[in-house]
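User: I'm new to this one. Can you walk me through it?

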Amino acid sequence: MSKLQTAGTSRPAAAATGAVSLQIENISQRFGATVALDSVSLTVEAGETVCLLGHSGCGKTTMLRVAAGIEKPDAGTVHLGGRMVTGPGVFVPPEARGIGLMFQDYALFPHLTISGNVKFGLSKLPASQAQAIAREALERVGLARYGDDYPHMLSGGEQQRVALARALAPGPGILLMDEPFSNLDQRTRESIREETMMLLRQSSTTCVVVTHDPIEAMSIADRIVLMREGVIVQTGTPEEIYCKPATLFAARYFCDLNEIDGEASGNMVRTPIGSFSPAHKVADGPCLVGIRPQAISLVIAGTEDLEGTVVSRRFLGESDAVNIAVAGLDNPLHAHLPTGYAPAPGERAGIRIDPAGVLAFPQKMTT
Amino acid sequence: MNITWTGAALFGHKGERRWLLLSALVAALVAAPVIALAIIAAQGSGDLWPHILHNVFPFALRDTMLLLTGVGIITITIGAGLAWLLTAYEFPARRVFEWALLLPLAVPTYIVAYVYLDLLHPTGPVQGTLRAILGITNPRDLWFPEVRSMAGCIFLLSFVLYPYVYLSTRAMFLMQAGSILEVARTLGASRRRVFFSVALPLARPAIAVGASLALMEALNDIGASEFLGIQTMSVSIYATWVNRTNLPGAAQIALAMLALVVSLILLERWARRRQRYVSMAQRARRATPLKLTGMRAALAILIASVPVTFGFLMPAAYLVVEAWKRIHQAGISAEVWHAIFNTMSMAVAATLVAVVIGFFVAYTARLLRSQSSDALLRISSLGYAVPGTVLAIGLLTPLAAFDNALADVIETLFNVSPGLIVTGTGAALIYAYVVRFLAISAGGVESGLAKLPVSLDYASRTLGETAGGTIRRVHLPLLRPAIGAAALLIFVDCMKELPATLLLRPLNFETLATQLYGEAARGVYEDGSVAALAIVLFGLVPVIVLARLSRRPALAHDALAQGRTAGIEAGLLQGEPAGYSPPPAER
């Protein structure tokens, strides 16, 4: 190992070290012909929870690996708590970075007990102290009584919590999580996600979570970083990124839009089903108009903006998914309406469209 | 999202280069004999070459090809046939046959020949009993097929080599989706047609793997062919060197034999070019077997008994009886004790070295995940495909040169003559064993590592453990079974090894195998049965392990094939290593 690396091995001891910030600057990484990251920069403040969101292959996991020191990028720098850990001539190996990393498959050591797993990162401490910390960590996730069991004896949710306890036991300044909830089934996912985030908030750890699920990202992140093909598309709070998507891609990622061709002029866009004042302005000329399904509501006859015929209606429990054919559009509009209000298929429906749910984008962005 | 992480980052460039350099050194040591062979062969054998070209080579090639063809046909017929019998049908004692059919693996080819030569000798027990039944007194009046013949050699080798085909094919039949076979039935195909038009074509890759392993063994054999009077290439190489002391001539035949090995490997790869497609059906449920009763069940039992009887029960029973007689009469001689000690010490030393180096090479390939580290792993596993005689001829010259140089240096420095340090001490033998069986440990560790998600490595590293600590605390404990199995296989293979041992052992150094060979070649049957029994008993240990694993077919196939096919795959460098995912790409 090089001098630089050994110089960094003075890893902070187990006790909580306090949250650290993460700064990633101009990171580029290619794998053969594919560009995984194209000069990406991102700052995560100490104590902040940031979600890297995007489809498979967008570079979000590569970014996490670069931060963890598992991947050495082709170019760029990484600072953790102000200390350069990746950069020209500098590469601190993962064991000396003081980070926690959680994997989608949890990566529990199958040959070690639960408590052995949690103690793994505490090997530099005296045995009794390590034991105490591991116990406390397991207590925090409610699994203290499983200490002598082996990973395969636990359910998926329990394994996830062991992985969390193990990652947090050495008191990392930052916790990196790669799709930590995606191996859980739908029912337990939400409750475990909430528990996990609560724990993390208590320990005030900086947290970077990779996910492809927009709902998950919105429910846990202070800030969402939306990525696509190795670049950051948009960064913002969940509300900002949802309500003011910078691109059609961002809008589509969070919402299943009704997309209609339109023509923008001034503050208005003209479409075959009427003119709207979109949530944000777009340059004059041909444009693409997106209408959120929940922006469409039923109104009593006479007050409607638009009239259509219900084509199909599906009961989804909390809402009805309704398709409404409207004159001038090739495809029916789909809408999410409160349960029990939509007319039966074949009947006429008067609808109104909330301008706050209408987005407009320049035509050339439609890729 | 399963991601193949690159390990390079974890080592930094210096560490990475060091691992790679050491791997390259291992690969160079493995490749050295083959390169040396080419150089020796190029020197020409002078006056003797026309003789070899006209009187040795054509016959050696013809006999070898005949032998391989015969063994190929018979092992495939027996192996694939039995595999189908035991998976598609249910009959009494089927579960016993499942493992019993593996037993002949414990009997090396030279021992089966040794045994049957005596058993079928005109004055031996078989013909004697026949004459007694028929009332013939003169041995010449009884016609009996000559065992010292090509046909005899083919049958004897096939009876101990078919388990390779049986094991791989059976694993494939069990892994084939039962639904595929059942759907064929619902489409109106008879069981017979299902076998020939669905199961067999789908199993072709497995048959190819098994058959190529069997043929490698046949090619490697020296004892059986020699005893039975078949002038195969292995035998010719040995004779050309030992009797005519013509090293270039031996090297030339050896090179030709190497070409044969390469074509065998190419054939095997060609035959399983669709394996990817076949292995789609992995989490398969076995098709419901047809229950046989009455005569049909009896027939099934009879069919399954034949290979076990000829391949294992008869030879084992013969050896037990003969060895007991011998021990009863003369006790266990000092020569046998010596041979046991020699065999054990060589095998233990070679196993240790092979396991350590194999672990190292496979681990480097996992860490670096680069094309060069993978290629080095392939080269390091090449030795398995190189027949023992070929390897020995390739090693003789470089080792002797090394010895002389070393002796010169020591003599100049210390003014004492150290003798032959490598070739005189058995170090050469250990070297040859390691080269030959490195594929087993490297392949075993490689497939063991492939089953460990790389996220474990990174979990360990981010929890503050170093690279070395991760090996010690995570990988070694998890790989213990894989390493243990590899060590066992290597140990037993070293014990049984004959061709390279014959050529590379120090003077007057006998192992169990060479002692047996010596007696059989001289036509005396003294301690040979004791030595042979010892070899077979040791050989049973891995077979028992394999038999236990074979209840879980995929595992048994892994254990047998991965170490060995790794060696075969190694022959073609462009091949992807077994169990590897393609290079890193985020999915």
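**A walk through the model**

Analyst: Just after helix 21 of chain B, B:Gly523 takes a positive phi of about 80 degrees. Helices here are DSSP runs of H or I with at least four residues, strands are runs of E with at least two, and both are numbered from the N terminus. This is a predicted model, where local features need pLDDT of at least 70, side-chain atom pairs count only at pLDDT 80 or more, and totals for chains, interfaces and linings use all residues. Residues are numbered from 1 along each chain as its sequence is written, chains are lettered from A and ligands numbered from 1 in the order in which they are written, and side-chain values use heavy atoms, leaving out hydrogens and water.

User: Is helix 21 of chain B mostly covered or mostly open?

Analyst: Mostly covered. Nine of the 11 residues in helix 21 of chain B are buried. Buried means under 20% relative accessible area, exposed over 50%, and partly exposed in between (1.4 Å probe, protein chains only). Among the buried ones are B:Leu512, B:Thr514 and B:Tyr517.

User: Why does B:Thr514 count as buried?

Analyst: Because its relative accessibility is 2%.

User: What does the B:Thr514 side chain make a polar contact with?

Analyst: The side chain of B:Glu510, at 2.7 Å. A polar contact is a pair of N or O atoms within 3.5 Å; within protein, one must be able to donate a hydrogen and the other to accept it, and residues adjacent in sequence count only if both atoms are side-chain atoms.

User: And which residues does B:Thr514 touch, beyond four places in sequence?

Analyst: B:Leu498, B:Thr501, B:Leu502, B:Arg505 and B:Phe509. Contact means heavy atoms within 4.5 Å.

User: New spot. Where is B:Ala251?

Analyst: In helix 11 of chain B, residues 247–271. B:Ala251 is buried, with a relative accessible area of 0%. Leaving aside neighbours within four places, B:Ala251 is in contact with B:Leu37, B:Ile40, B:Ala41 and B:Ile393.

User: Over to chain A. What order do the strands of its open sheet take?

Analyst: The five strands run 2-1-4-5-6, with antiparallel pairing. Two strands pair if DSSP finds at least two bridges between them.

User: Which are the edge strands?

Analyst: Strand 2 (34–44) and strand 6 (90–91) of chain A, each pairing on one side only.

User: How many bridges join strand 1 to strand 2 of chain A?

Analyst: Seven, and the two strands run antiparallel. A:Phe31 stands opposite A:Thr34 in strand 2 of chain A.
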